[in-house]
Amino acid sequence: MNDAPNTTMAGAVGHADMANAIRALAMDAVQAAKSGHPGMPMGMADVATVLFRDFLSFDPADPQWPNRDRFVLSAGHGSMLLYSLLYLTGYPEMTIDEIKRFRQLGSKTAGHPEYGHAPGIETTTGPLGQGIGNAVGMALAERMLNARLGDDVINHYTYAIAGDGCLMEGISHEAISFAGHFGLGKLILLFDDNGISIDGKTSLTVSDDQPARFAAHGWNTMSIDGQDPKAIADALTKARADSSKPWLIACKTTIGYGAPTKAGTASAHGEALGEEEIKGAREKLHWPYPPFEIPDKVLSAWREVGARGASARAAWVKRTAGNAAAETALAVPAGAKHMGAVEQAIAAAKADFVADDTKRATRVWSQKTLEHLVPALPELIGGSADLTPSNGTRTKLHTPITKDDFSGNYIHYGVREHAMAAMMNGIALNGAFIPYGATFLVFTDYCRPSIRLSALMRQRVIYVMTHDSIGLGEDGPTHQPVEHLTSLRAIPHLIVMRPADGIETAECWEVALSHTNNPSILALSRQGVPNLRTDAAGENLSAKGAYVLREPDGGREVTLIATGSEVGMAVEAADALANDGVRAAVVSMPSMELFRAQDADYRASVLGSAPRVAVEAGVQQSWHEWIGGEGGNGGFVGMSDFGASAPAGKLYEHFGITAQKVVETARALIAK
C-alpha cells in the first residue's frame, strides 16, 4: 500500500509563488556565502515544487519513517534546492538561520548535501553520478524489503534529480543498466536537461540522446517542459501508474530561471549572481520581498505540504502495529535483533576452523564464515561484481535476487564495480540491510569514490576484496595490488582488515558487522595459508587491531609485525631466528585502524621496545608509524614496485618477500 498524499494545491497560494520561494532562497543564500550554485535550484524549482507538493510521501516530524519516499539530489551542487525544501516544508533542524549560514563552518547547509548534517538529507552527494547509484540501491532495497514484508509495510518510491554532469559520468551507465535489467519500476529519475555545464553549453562535449540511451537500458522515458507545472504533474502521474520499468523524465529547463541576463548561461551555474542580477530577478519573478524573507502565506502553504504526510505515516503505524516481522526487519541499526545469533555464529565458525588443519586461502575461510553467518543474520545481503566463484561470496544458503523475485539475499552486480559500491551505500542508507560486495582488491580503484563516501557517511558497508597481493600469481601486475592497502588505510573512518588465517577471518567479519558506523575492507588472499591460532575461545583478538601471536621466553630482541598471508612467513622467520638463539616476537596486525584506537599502554605492550621488522606484500608507506618512521630503528620486507606475471611462489622469491629475507633484516637491525 502506497502512502503518498493526495494531489492538491496548497491553500490559495499559486504554484509560481511556491516555486519562487525556492529560487529566492537559493539566490540569496549563494549571494550571502559569495559561493555556490544558484542556477540549478532556480531552474528545477518548478519540478521540485510539484514533486514535493503533490507526490512525495514524507513527514518532517518523523524523517526516518521507513515507508517514506526517498528523494536523492544527485546533482548535489544544487544543494540549496534541497535545503530550501527542507526549510519550507518544516523540518525542525533546517531553520532560516541555517539557510543564512549556507557553506559556513559548522552549518547544516554544507556546500553539497551531507548525510547526517540534517534530517531529510538522504545521502551525501556532490561527486557527480554517485546519487544515481545511491538511488538505484535505495530502489533495490525497497523492492527487497517489500518482498519480505509486503505492500502494507513497504511500498514507496525513490526519486532522484540528476543533471547533465551526472549522466556524463561513467557510473551512470553502470547504475542505469542495472536498474533497467532488474526492472526497478519504483525508481523515477528527473533529468535537469538545461544544456549547460561549467565550460559552457553541453554541446561542446556531448550530443547523447538521453531518452534513447535510457530506453536502450530498459527504462520508460518521456521528455517534458520542466517549467510547466501541469506537464510535470502529468508526467509524474504517468510514471507512477506504470511501475513495470524505471522512469526517466527529461525536464527541459533554463538554468538560473528568472535571472534577467544570466539565465540559460554558464555563469548561472557555479557563482553568485550578484546584487544587480538578483534585483532584476526579483522584479522578473514578481518577488518583492527582502533577502531570506518568505511571506507568511507562502510559508504556510509550504508548511501545509510538510504537515500532510503525518496522516499517511499515522495510517502506516496503525497498519503495522503488532507486526513482529516488520519490527525485526526495521530495527535500528539493521540486524540489531540478530546480533546475539551473530556472536554465536562466529564462535561456531572459529571452533570449526580450529579443528581444520587444511591450508586454505582467507577468501575460502571467509566463505566458510558466511556459511555460519547467513542463517543467523537475514539482513546480510551479499553480492559480487561478476567474480562470485573467485571471491567466495556466495554460499549454498544464498538465493539470487532476480527481476521476478526480490526475496533473495544475493545480488549479481555484473561487471559494474563502481555502481556496486554506490548501490551498496544506497542499500545501507535504506536502513534495513547490511550489504557486502566483492571484487579483486586491485579494483577498489574502480570503487574508490563510493568507498570514500561510505566512510564520509559512516555507513556499514562491507567490501570483500580478494586476491590481495602478488600472491594471486599469474594474472600479473594489472591485477596485483601493491599500493592499495596503504591508499585505503589513508581514508578516515574506513576499517581495513587483512586477516592471517581462518580464526582471524571470522573475527574480522565480526568486527565488520559490529561497527555500525564504519565501512570495512576485508582484504583476502588467493593463496592458501596455515591456521596459526589454535584456540577458538576467548576474546576477539583481531578487534584490537594487533596482538602478540608469539612471545619468546627471556624478552624480545626483535619484533616481527605482519599482516595476512605474511604472518605465517613471520612465524617461520621467528622459528629460524630461535634456532640461532635470537628471541623474536611475532605480532599479527590485521587492522592498523583498530590498533591505533587502542590505548597507549596496550599498543606499547604489543609493539615492545625492541627493533621492529614489518612484513607485508605491499608498499611501505603505511608502516612508518609502527616501525619508527623513515630512518628509524625499523625494517621493512615488502614491495617497492609493481608485480609481475608468474606463479605466486616464484614472485615472492623474486621480490625478496621470504622468511630468509625477514631473518636477514632482523639480524641487521639487531647488529646496529
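Analyst: **A close look at one residue**

Tyr-652 is in contact (heavy atoms within 4.5 Å) with Ser-469, Ile-470, Gly-471, Gln-527, Ser-565, Glu-566, Met-569, Ala-617, Ile-657 and Thr-658, when neighbours within four places in sequence are left aside. The model is predicted, so that local features need pLDDT of at least 70 and side-chain atom pairs count only at pLDDT 80 or more, while totals for chains, interfaces and linings use all residues. Residues are numbered from 1 along each chain as its sequence is written, and side-chain values use heavy atoms, with hydrogens and water left out.

Tyr-652 belongs to helix α26, residues 648–654; helices (H or I, at least four residues) and strands (E, at least two) are DSSP runs, numbered from the N terminus. With a relative accessible area of 9%, Tyr-652 is buried; buried means under 20% relative accessible area, exposed over 50%, and partly exposed in between, using a 1.4 Å probe and protein chains only. Between the C-alpha atoms of Tyr-652 and Lys-350, which are 302 residues apart along the chain, the separation is 29 Å.

His-467 is another buried residue, at a relative accessible area of 4%. His-467 sits in the loop between β12 (462–466) and α20 (484–489). Its phi is positive, about 55°, although the residue is not a glycine. In general, most residues other than glycine have a negative phi, and most peptide bonds are trans. Leaving aside neighbours within four places in sequence, the contacts of His-467 include Arg-363, Ser-390, Phe-440, Leu-441, His-479 and Arg-526.

Asp-501 occupies the loop between β13 (495–497) and α21 (502–514) and is buried, with 0% relative accessibility. Beyond four places in sequence, Asp-501 contacts Thr-362, Trp-365, Val-529, Pro-530, Asn-531, Leu-532 and Arg-533. Its C-alpha atom is 69 Å from that of Lys-284, a residue 217 places away in sequence.

The description now turns to other parts of the chain. Ala-162 lies in strand β2 (residues 158–163) and is buried at 0% relative accessibility. Setting aside residues up to four places away, Ala-162 touches Ser-74, Ala-75, Ile-132, Leu-189, Leu-190, Phe-191 and Asp-192. Its C-alpha atom is separated by 16 Å from that of Thr-49, 113 residues away along the chain.

Thr-49 is also one of the residues that Trp-302 touches, and the others include Met-18, Ile-22, Phe-52 and Leu-88. Trp-302 is among the residues with the most contacts inside the largest nonpolar core, alongside Leu-140, Leu-236 and Ile-249; this core has 133 residues. A nonpolar core is a set of buried Ala, Val, Leu, Ile, Met, Phe, Trp, Tyr and Cys residues joined through side-chain atoms within 4.5 Å. In soluble globular proteins, nonpolar side chains tend to be buried together.

Helix α11 (residues 275–284) has Glu-277, Ile-278, Gly-280, Ala-281 and Arg-282 buried, and its buried residues pack against α1 (15–33). Just after α11, His-286 adopts a positive phi of about 55°. Arg-103, not a glycine either, has a positive phi of about 70°; this residue is in the loop between α5 (96–100) and α6 (130–149) and is partly exposed, at 26% relative accessible area. Elsewhere, Val-332 and Pro-333 are joined by a cis peptide bond with an omega of about -5°, and Pro-333 is placed in the loop between α14 (324–329) and α15 (339–354).

Over the whole chain there are 27 helices and 20 strands. The radius of gyration is 28 Å, close to the 26 Å that the globule rule gives for 672 residues, so the chain is as compact as a globular protein of that length; the radius is taken over C-alpha atoms, and the rule is 2.2 Å times the number of residues to the power 0.38. Along the principal axes, the C-alpha atoms fill a box of roughly 90 × 55 × 45 Å. Of the 672 residues, 61% are buried. Among contacts between residues at least 6 apart in sequence, 78% join residues at least 24 apart.
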